Amino acid sequence: MKKAIIKTPLGIAKIEGNEHGVSKVYIANDTDFITTEIPTELKKATLQLQEYFKGIRKEFTFKTNLKGTEFQQKVWKALVEIPHGKTVSYLEISKKIGDVKAIRAVAAANGKNPLWIVVPCHRVIGSDGSLTGYAGGLWRKKWLLDHESPSPQQSLF
């Protein structure tokens, strides 16, 4: 497994993968050194994450290699379909995957998402519009949603 460590506005991110694709992107809680040489297998992912944080990328196209249960895979697929700059509720995801009673299971699968930002679990909010649960901390979720929001129109006066 190859690894790259990059600096982001939200902390140090680790990217892991191999020739089959990227399998993990996550915020590191330690102080590993930033990677000076990015492994070939991770270059596209590293570049695209940097472009995302600069505000010039809205979708990721690098190869991924997600590992999870069939249910988790179904939830993660639904998350990837949430458009940049939009949010949905856990209930909406439950409906989308065909089981309106699976809200808690959807939340659990959301929390197990191995590809931070790439599979945009930060775009899932409570039915009442509240920012609920986020493994990276609610302040990061708020930052990501603000980062993806279209800029409000400025007043002329």
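Q: What do the three strands form, and in what order?
A: An open sheet in the order 1-2-3, with antiparallel pairing. It's a predicted model, where local features need pLDDT of at least 70, side-chain atom pairs count only at pLDDT 80 or more, and totals for chains, interfaces and linings use all residues. Residues are numbered from 1 along each chain as its sequence is written, and side-chain values use heavy atoms, leaving out hydrogens and water.

Q: Which strands stand at the edges?
A: Strand 1 (2–8) and strand 3 (21–27); each has a single partner strand, so one side of each is left without a neighbour in the sheet. Strands here are DSSP runs of E, at least two residues, and helices are runs of H or I, at least four, both numbered from the N terminus.

Q: How many bridges between strand 1 and strand 2?
A: Seven, in the antiparallel sense, with strand 2 covering residues 11–18. Pairing takes at least two DSSP bridges between two strands. K7 stands opposite I12 in strand 2.

Q: And which strands does helix 1 touch?
A: Helix 1 (residues 43–53) packs on the sheet and touches strand 1, strand 2 and strand 3. Contact means heavy atoms within 4.5 Å. The direction of helix 1 makes about 15° with that of strand 1. Angles run from 0 to 180 degrees between N-to-C directions, and axes are lines fitted to C-alpha atoms, for helices over the stretch in contact.

Q: Switching topic: at what angle do helix 2 and helix 4 pack?
A: About 80°, with axes 9 Å apart; helix 2 is residues 70–80 and helix 4 is residues 103–111.

Q: Which residues meet there, helix 2 to helix 4?
A: F71, Q72, V75, W76 and L79 in helix 2 meet A105, V106, A109 and N110 in helix 4.
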